[in-house]
Every structure is written in structure tokens, then in C-alpha cells.
Amino acid sequence: MRTFLILLDTPGIKQFVFGTDPLAEVRGASALLDRLNREETRKVLEEAFPGRVMEAYAAGGAAQFVVTAEDRHTVENVLERLAALYAKQTGGEVQLLWGIGEVALGEPRGYRAALKAAFSDLAWQRFTAREQPAVLTFPLAVECQSTSYLPATRTRVWADEIRLVSEASDRKYREISEVNPGRLWAEFIHALDLPDTVKHIPHWLRCTTLQEIGEYSESRAGYLGLVYADGNAMGRLVQELESLEVARAFSTLVDGSIRDACHQALKELFRETLAEIRLRSDPSGNHLQLRKIPGDILLLGGDDLVVVLPAELAVPFSIRLSELFEEYSRQRQEDLEEPARSFFWQRLQGRGLTISCGVVIAPSRFPFYLLLDLAEELLASAKKGGSRDPEATRYWVPSYIDFHIQAGSAVHDLHAIRREEYGVGTAYVRTFRPYRRDKLQTLCAAAAKLRGVGIPQSKRHDLLEAALEPRARQAEWKAKELFGRLAGPFGKQRLALFEGLCQLAPMDLNDFPWVRQNGGWATALADLMEIYDFVQAKEA
């Protein structure tokens, strides 16, 4: 018998989960993949190798197992059956890839060598894998109303609407229902301090559409916030895991910390809503009058997280999430046993793991897959900002967050928006984004103080236009003129605006609104005006 390390991956799962607009399908796809990843995969392996399977981790569409088998061919046959199960369960939309490395027992670096070989094998499979499934169709076919590149094969009634859907979309609907809201939502409700009568019916507390979540927005009616978070430097750490014990510890550290951080951050933000639910809960089981929880966890596993919230909660959530994740992962390291504790101490020097976030705020009726694309670009921008931070190391990167307010209907790639509208890459840059977490907290505090002195919406609009004026000198003259016209007793509006900008970067009033940065000039005036509506007021 020989020992093999198996790496599993499901590329393209975000397309499967988020490549459609109906919230029910997104939830169903997420629940379906979560079940396949965390339950069905282990079940198949256990049936094939009874008593000879050791799990390192299985979350977020990725997994690592160690199995004992006669030869590599036997392992490959089992993985091919597992891949067929994934394809069947997802209507052919999700492809399972794997890498295999043989563990040389007794060798000091046997696990590391097997891990390296498995990653190399997996990389080759990714390189040669098909990008889009081939689906047999008749020359004339009706398109699926959710995934237009697939043929509709059946009808599905959902929320009083009859939809023509593909096999893949139908399976998403079948996975999710009021009776079975999915593991992510059930785990979240269980983590809240709610009466048992409410916990037993978690679907009663869940919004049914994205539009319903947007209706809870107090800053801008009908707007929501999409937060996409991902761990920093995780890939480097994963490829250096030294043993199965360290791999298991890493999984517990990451997956446990991000789940707890997500639940706690939401619990804090929804404090008033949860208090109202407790107050109105009826022991008799009549919960028709309960207020729903205005948000949802759409993806949570490994170091990935996608959450949708009312517009004004998105940025505060990303800040609190990154704080708690770093804190919880640091605390968990202290409870690890050797050699896992030494592994993380050598690389993190007692610091917690970190995450970056992309936050997009937009109308709730905006095509969801476009919002996710933009959130992914924002996340990539945040990660790039963190990697350039002076304190960043190979294994530790400070948390950065990038945000964007999508007001209109036209969407362009983030790089073009930042270059054409914000002057990124020129001598005069109209944004400080992406923000390190502490700087974003400073920006939010400055915006809260501005709200406390009450700058009228018309003047905020004019200041934003001045900041984004393409001609640098014209932008400066307009901004200074508008600054001089700000009112309020004892110049409170002018003082709050100037102090807020100075807290982000020291400023000479003569240069307002510009500050020296990276050999050129930059201003955070546009950032401050844009985030104004999405923070709570603070008395000046």
C-alpha cells in the first residue's frame, strides 16, 4: 500500500454561483457546492478507501486529503468518479480538477515534496482544462432565462414566477428552499443570540430578493453593498505546509476565523434588528410580524467571503470583518500545538492573518454578475495596495479595502474608471484608494463628522465635481471657491472638511485640495464626498 496526497480544486465556481441574477439561484448554487465540497467529497473517498482517508481541509471549493491506496491509477479512478458526480450534480457546469503527489513515508520532507508534486500536477490540469462545458443542443432551442448559453430543459415556478431554466439552474433551485435554507444561513442564524423558536425557522428571517435587501438601505433607498473578501498571502502559506497536522491547523485557523469574524461583524451591525426580533418573537410560533435580517452570506469557505448588505453597512462591515479576522486568527495561533504553532510563528511573528476587501455600492436592480465583476476588480486593487505597503512581508500583508459607488447604469472596468475619472497614473490623482484599514477608518470618521455639521447635498455634489475636474488648476480653483462658501456657525463646515483631509494626509491650505504624494499630487476630496452618505453622523 502507498500513501498519496490529493489536492482538489473547482475553477470557475464563482461563475456557477454568481453567473445569474435571481438570488434564489445564487443561494442554491452556493449551498450545492458547499455540500459537494464538505460532505459528498469525503463520502466518496471514504467509500473507496474505508478507514484510509485523512482530511486536511475541505472548504471554498478546494480540498486536501491523504489516502492510502494500492497505486496512483486506483486513486485517479476514484477521482474520475468524483468528478462525474460534480458534473452530474451541477448540470455539467462545474469541473473538478485534482493534483496527486506520493508521500514518501519516513522521509523528513516527504509531505512537502508530495505537496509540491500535487500542486504541479494541479497546475497542469488547470492549464489543459476546458474553459466552458460543451452542451449538446438541437439546432433550435430555447435559451435558459438565467444562463443564456445553456438550453432550457424544464420550467421552474419560484416566487409566483414561471421560468424556463437549464438543468444546472434547476438543480440550484432544488438545492435551496424555505425548508432547507442552506448551511451558510443556518450556521449564521445559529450563531445569533435568538430564541430557539426563531432559530428553528431560519428562512422566516431571510430576504427573498436583492431588491428587498436594498429596501432596508437608509442612506440611499434601493441601494445595496456587495463585499468580496479574500485572504492575503494564503497561497504562499499553503504551498509551504510541512505536514498533515500543520495543514489541518491551517484550515481550522483560516476557515474558523473567517466564519466567526463574519458572524460577529454582522451580529454587531444588526444589533438593533436582532433586538427587535427577540422582542417580537412569539413562543406560539406565529412569526409573521418579524422583521427580516437585511443581508445575506452568499459565499463563505476557506478564505473567500461574499456578503450583500444595505448600502451604508458595506464599508463598516469590511472594516470590522478585517479587524476581527486578524484578531481571531492571532488568538487561534496561541492555542495550536506543535509543530503548527512554530510554523505560523516563524512566518507571522505573532501577528494574525489578514484579508483584503472589495466593496461596491450600487442600485439593487443592477445586474448582479456585473457587480461581482466590479467587486473582484476592487479586491484585486486592494490586494495590490497591500503588497506595496512598506510593512508587507512575504507572509503578512496589512488589510486594504477598496470601494466604488456605482451610480449610473454604464459599467466600465475599474482600471479605466480610475484612469479616466480619477486621474490615476497622472500627476494629479483624485483618490487615495485603495485604503489601508486604519486610513479607511479615518476617512469614515471624517465623513461622519461632516455629516454632523450637515453640508447640504448640492454643495457636496459641487465639491465632488470640482475634485473630479480633469484640469488640475481648474479643480483647485473650484474647490477653493466652494470651500470658502461653506457655511455653518463658527466655520464648522470648513473646519470639519479641512481637518478631515489633513487627518488623511498633512495639507497646506494654500494647496487645497492637493497634497504631495508619490512624487505628484493627490486629493481625497472625492473619496470623502462619495462615502459621505454611507456612514453615520457624528456630532462635531
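**Reading the structure step by step**

Analyst: Happy to. Let's start with a histidine: H263 has 9% relative accessibility, so it counts as buried. Please keep in mind that this is a predicted model.

User: Where is H263 placed, and which residues is H263 in contact with, leaving aside its neighbours within four places in sequence?

Analyst: H263 sits in helix 10, which covers residues 244-269. Setting aside neighbours within four places in sequence, the contacts of H263 are E187, F188, A191, I297 and L300.

User: Which residues touch the most other members in the largest nonpolar core?

Analyst: That core has 117 residues, and I293, L305, F317, L440 and L497 touch the most other members. Helix 10 gives the most to this core, with twelve residues. Another core lies apart from it and holds 55 residues, among them F49, W98, A362 and F366.

User: Let me pick L440. Which residues is L440 in contact with, apart from its neighbours within four places in sequence?

Analyst: L440 is in contact with V315, I319, I401, F403, Y435 and I531, once neighbours within four places in sequence are left aside.

User: How should I read a pair of packed helices?

Analyst: Two packed helices are described by the angle between their axes and by the distance between those axes. Here, helix 12 (residues 314-334) packs with helix 16 (residues 437-453) at an angle of about 145°, and their axes are 11 Å apart. The crossing of helix 12 and helix 16 is left-handed. On the helix 12 side, V315, I319, S322, E323 and E326 make the contact, while helix 16 brings R437, L440, Q441 and C444. Sorted by class, the contact of helix 12 with helix 16 has four nonpolar, two polar and three charged residues.

User: Now the sheets, please. What is the general idea?

Analyst: Strands of a sheet pair through backbone hydrogen bonds, and the pairing is either parallel or antiparallel. In this model, six strands form an open sheet in the order 8-9-7-10-11-13, with mixed pairing. Strand 8 (296-301) and strand 13 (435-436) are the edge strands, each pairing on one side only. Strand 8 pairs with strand 9 (residues 304-310) in the antiparallel sense over five bridges. L299 has V306 in strand 9 as its bridge partner.

User: How many residues of strand 4 are buried, and in what sense do strand 1 and strand 4 pair?

Analyst: Five of the six residues of strand 4 (residues 97-102) are buried, so strand 4 is largely enclosed by the rest of the structure. Strand 1 (residues 2-9) and strand 4 pair in the antiparallel sense over six bridges. In this pairing, F4 stands opposite E102 in strand 4.

User: What about strand 2 and strand 3: how many bridges do they pair over?

Analyst: Strand 2 (residues 53-59) and strand 3 (residues 62-69) pair over six bridges, in the antiparallel sense. E55 has F65 in strand 3 as its bridge partner. Strand 2 is mostly covered, with five of its seven residues buried. The hairpin of strand 2 and strand 3 has two residues between the strands, and in that hairpin G60 takes a positive phi near 65°.

User: Which residues other than glycine have a positive phi?

Analyst: Let's look at two cases. A233 is not a glycine, yet its phi is positive, about 60°. A233 lies in the loop between strand 7 (223-231) and helix 9 (234-238), and A233 is buried, with a relative accessible area of 13%. Q349 has a positive phi near 55°, and its place is the loop between helix 13 (340-348) and strand 10 (355-363). Q349 counts as partly exposed because its relative accessibility is 47%.

User: Finally, where should I look for cis peptide bonds?

Analyst: One joins R433 and P434, with omega about 0°; P434 is in the loop between strand 12 (428-429) and strand 13. The peptide bond from F512 to P513 is also cis, with omega near 5°. P513 is placed in the loop between helix 19 (492-504) and strand 14 (515-517).

How values were computed
Residues are numbered from 1 along each chain as its sequence is written. This is a predicted model: local features need pLDDT of at least 70, side-chain atom pairs count only at pLDDT 80 or more; totals for chains, interfaces and linings use all residues. Side-chain values use heavy atoms; hydrogens and water are left out. Axes are lines fitted to C-alpha atoms, for helices over the stretch in contact, and angles run from 0 to 180 degrees between N-to-C directions. Helices (H or I, at least four residues) and strands (E, at least two) are DSSP runs, numbered from the N terminus. A crossing is left-handed if the near helix is turned anticlockwise from the far one by less than a right angle, and right-handed if clockwise. Contact means heavy atoms within 4.5 Å. Ala, Val, Leu, Ile, Met, Phe, Trp, Tyr, Cys and Pro count as nonpolar, Asp, Glu, Lys and Arg as charged, and the others, Gly among them, as polar. Two strands pair if DSSP finds at least two bridges between them. Buried means under 20% relative accessible area, exposed over 50%, partly exposed in between (1.4 Å probe, protein chains only). A nonpolar core is a set of buried Ala, Val, Leu, Ile, Met, Phe, Trp, Tyr and Cys residues joined through side-chain atoms within 4.5 Å.
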